[in-house]
Amino acid sequence: MILTINLFMLLGAYYLLKTVRESLILAEGGAEVKAYSSAAQAIILLGVVPLYGWIATHLNRNRLLRWTTLFFASNLFLFFFAGQAGARIGVVYYIWVGIFNVFTVAQLWAFATDLFSLEQGKRLFPLLGSGASSGAVAGAWIAGRLINPLGPYKIMLIAVAVLCICAALTRLAGYIITKRGGELEKKKDQETLSSEGGFQLLMRDRYLMLIAILTVLLNIVSLSGDFIFGKLLVDQTNHVVGTAASLMKARKTYIGSYYASYYEWTNAVSLIIQTFLVSRIYKRFGVRGSVFVLPLISVVTFTTILANPILQVVRVLKIAENSTNYSLQNTVRAALLLPTSRDAKYKAKAAIETFCVRFGDVLQAGVIFIGTSLHFGVQAFAGMTLAMTLVWLLVALKLYQEHKRRVPEFH
């Protein structure tokens with residue numbers, strides 16, 4: 001229950017910050033700058049991932065989670081004061097939010113995979129996912145109602161308070177687990193990880209590498225859809241609000257409000273899927289069978305965009321796609337790591353959920369650069385993305401076969 005509440009709070013804080021992120025990056029730079037900023041995250045993570053692995057070898061799992069969360073909370077004060085002073089922080093803040101999200105959420109799920117067995121995870125992960133989805137709904141709903149009266153920067157301070165609560169819940173969870181688990185769990189909680197890095201683990205394990213490749217392709221496809229959506233929204237904003245520099249505040253507010261509503265719907269649908277469908281999908285298709293659901297939805301999404309690239313249509317399609325990603329797919333990715341070592345659950349997962357996610361951003365930014373240089377329209381981008389989605393389906397098939405070989409009795 002504490003882990004469920006923790007995920008609720010963490011995703012709530014993330015969506016407060018994510019709504020602010022979209023209003024700043026799109027108003028200050030546009031959809032192309034947003035895509036290139038995503039690519040910059042991967043370059044930074046080449047240094048951050050090994051640093052995180054080094055820190056993980058010197059801290060036990062509870063301190064690792066707690067101090068990482070508090071570190072990110074402290075960063076928000078810097079953004080608040082810079083923003084209040086009039087600095088254009090959109091690009092830097094966008095990069096920071098991406099790194100914050102993948103690290104904090106990934107390590108909390110890693111904590112859960114370290115605690116539960118295969119059968120426990122299959123039963124309890126849908127519940128944890130419901131907490132995450134509920135927090136995302138709450139965060140987007142609150143952001144939508146506060147961004148107009150408070151503005152983007154004061155929302156950051158609310159997120160600081162929420163992250164401090166998350167750190168306290170992590171500490172409480174560690175205390176209860178140690179108390180209930182006795183000496184064996186106490187010893188496990190105090191253990192640090194080996195010196196082997198996350199990238200090393202990926203290179204020597206075919207199963208982990210397939211998860212990494214699937215993550216890269218998923219992110220390329222997802223971000224391509226986000227790019228198309230953002231581009232259409234910027235065009236509508238220019239038409240409704242105007243493009244004059246004096247209208248920058250109005251542009252930020254319009255985009256922020258639109259995204260807040262979009263996130264509310266996405267997360268509400270995600271919560272419904274997580275609460276009522278994920279456990280049933282698991283029961284019917286198993287964990288490995290569930291890896292096909294999202295790429296099949298993406299095939300439908302980009303096929304439809306090819307025929308009808310209208311903002312409201314794309315909005316509905318992206319809500320369906322992203323809500324499945326945030327609910328079923330996130331739970332599947334965590335469950336796929338249940339039959340792996342502790343090092344893999346923390347270090348390899350951190351590498352997958354940080355560098356591999358952002359490496360997908362780099363590749364997607366390259367696609368956008370090439371497409372923009374060739375003056376591609378929305379439909380041309382959708383066609384390229386559809387081709388990558390088919391490759392994603394092929395990798396999902398390979399992962400299905402590898403999981404079946406590794407855990408034949410657990411589907």
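## Overall fold

The chain has 14 helices and 0 strands, with helices (H or I, at least four residues) and strands (E, at least two) taken as DSSP runs numbered from the N terminus. This is a predicted model, where local features need pLDDT of at least 70, side-chain atom pairs count only at pLDDT 80 or more, and totals for chains, interfaces and linings use all residues. Residues are numbered from 1 along each chain as its sequence is written, and side-chain values use heavy atoms, with hydrogens and water left out.

As for burial, 57% of the 411 residues are buried, meaning under 20% relative accessible area, while exposed means over 50% and partly exposed is in between (1.4 Å probe, protein chains only). The C-alpha trace spans about 65 × 45 × 40 Å along its principal axes.

Now for the salt bridges (a side-chain nitrogen of Lys or Arg within 4 Å of a carboxyl oxygen of Asp or Glu): the structure holds 5. One of them pairs E402 with R206 at 3.2 Å, N to O. E402 sits in helix α14 (residues 378-406) and R206 in helix α8 (residues 206-240), so this pair ties together parts 196 residues apart in sequence. E402 is buried at 8% relative accessible area, whereas R206 is exposed at 51%.

E402 also meets R405, at 2.5 Å, N to O.

## Linking α8 and α12

D226 and K318 form another salt bridge, at 3.5 Å, N to O. D226 belongs to helix α8 and K318 to helix α12 (residues 311-336), so parts 92 residues apart in sequence get tied together. Both ends are tucked away: D226 is buried at 18% relative accessible area, and K318 is buried at 0%.
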